[in-house]
Amino acid sequence: MIGILVGDLLQDHDYQLGLSLVSGKKGLHKKINIPRIQKPGLALTGDVSNLHSGRVQVFGKSEIAYLNSLNPKKVREILGKICAVELACIVVSRGNKVPVALSEEAEKKQIPIFSTQLLTSTFINRVTKFLEDKLTATTSMHAVLVDVLGVGVLIVGKSGMGKSECALDLVLRGHRLVADDVVEIKKKPPATLSGRGSGVIKHHMEIRGLGIINIKDLFGIASTRDQKIIEMVVELVEWNPQEEYDRLGIDEQNYNILEVKIPHLKIPVRPGRNMTTLIEVAARNHLLKIKGHFSAREFQDRLQREILKKEHLNQFLWNSLE
């Protein structure tokens, strides 16, 4: 199961969670594995059966006010039961003062207690996005990702097949490079794949004979983008005269990445074939399919109608002769 360390919440800058550690430093190694946060609810009455250890627990204004309304002995009893669940962490929002009993019980059980000045709803919104981003399935592939006419095209194939050269030619035609060589892919629920460049090689490209080039510096900021949804996979393969390649395109193939099926085209490479043009046309054809125009199947349907017409005409002529 995918999980992140509780301590990673303190390292965030992108989502501006505004957290500060109050107590439970020894528990920062614990893991959060569920992106949805949880508010204690019935647990504040002593029923902890629905508390989940892998979720962030949020105590807002209402929860703190309720605890403050109870007598100290009852508060100790309830918080003792809550902290006995071995929670991942607890966040007290709106700048509310963390009850001493909560801080002490959490320290005993090594449960980190955080405080934030954010409104409860604002914090929940931000931390949920943060956790969804961190807890989604990811992988990396040796490939090239290009935005062609708004279609995210992932170009795969063996080393030396010309993936980077195709991408460079596409950039020269006005399309946009997302990543070359290493593409980091993240699954976004329920079944969407987002690709981006990897670290320091982002927006750079390796071209044999030229070396490393910076696409953004050479062609301007409009020639690149940081990430793109992957909508189709184009695989470049060596031409094999013994192999029968698809010449009609009626049956669609899929490429499986992180258990998500993406439309897959296999294009054989041989001298004289303009691979860049083929990839661009493939992207245009994909856009037509999205709009409901499947050229190969429409052609097949017209062909079948013509065959049926001729069969009916032949049958009519045959019956007339009889």
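The chain of the predicted model contains 9 helices and 18 strands. Its C-alpha trace extends over about 105 × 65 × 35 Å along the principal axes. The radius of gyration of the chain is 29 Å, whereas a compact globule of 322 residues would have a value near 20 Å. Of the 322 residues, 41% count as buried. Among contacts in the chain with a separation of 6 or more, 69% are made by residues 24 or more positions apart. The extent of the chain can also be given for one pair of residues: H52 and N314 are separated by 262 residues in sequence and by 74 Å in space, from C-alpha to C-alpha.

The open sheet consists of 4 strands in the order β7-β11-β12-β15, and the pairing is antiparallel. Strands β7 (138–142) and β15 (227–229) form the edges, each of them pairing on one side only. On average, neighbouring strands of this sheet are turned by 30° against each other when direction is ignored. Strands of a sheet pair through backbone hydrogen bonds, in either a parallel or an antiparallel manner.

The hairpin is formed by β17 and β18, with 2 residues between the strands. Strand β17 (residues 253–257) and strand β18 (residues 260–269) run antiparallel and are joined by 5 bridges. One of the bridge pairs consists of I257 and its partner V260 in β18. In this hairpin, L258 adopts a positive phi near 55°.

D181, which is not a glycine, has a positive phi of about 80°. This residue is located in the loop between β10 (176–179) and β11 (182–188), and β11 is one of the strands of the open sheet described above. D181 counts as partly exposed, because its relative accessibility is 29%. H203 is likewise not a glycine and has a positive phi of about 70°. The loop that holds H203 runs between β12 and β13 (204–207). With a relative accessibility of 7%, H203 counts as buried.

Aromatic rings were considered next. A pair of aromatic rings is described by the distance of the centres and the angle of the planes. The count comes to 1 aromatic pair. It is made by Y15 and F130, whose ring centres are 5.8 Å apart and whose planes stand at 80°, so the pair is edge-to-face. Y15 lies in the loop between α1 (8–11) and β2 (19–23), and F130 belongs to helix α5 (residues 120–134); the pair therefore ties together parts that are 115 residues apart in sequence. The two members have separate accessibility classes. F130 counts as buried, at 2% relative accessibility, while Y15 counts as partly exposed, at 24%. A further arrangement involves a ring and a charged side chain: R270 is placed over the face of W239, 4.4 Å from the ring centre.

H52 is part of the loop between β3 (31–32) and β4 (56–59). Its relative accessible area is 37%, so H52 is partly exposed. When residues up to four places away in sequence are not counted, H52 touches Q38, Q57 and L87. H286 is located in helix α8 (residues 275–290). This histidine has a relative accessible area of 12% and is therefore buried. Apart from neighbours within four places in sequence, H286 is in contact with V151, E231, M232 and P263.

Key
Residues numbered from 1 in each chain as written. Heavy atoms only, no water. Phe/Tyr/Trp six-rings, centres within 6.5 Å; stacked < 30°, edge-to-face > 60°. Buried < 20%, exposed > 50% of the residue type's maximum accessible area, 1.4 Å probe, protein only. Lys NZ or Arg CZ within 6 Å of the ring centre and 35° of its normal. Pairing = 2+ DSSP bridges. Axes fitted to C-alpha atoms, helices over the stretch in contact; angles between N-to-C directions. Rg over C-alpha atoms; globule rule 2.2 N^0.38 Å. Contact = heavy atoms within 4.5 Å.
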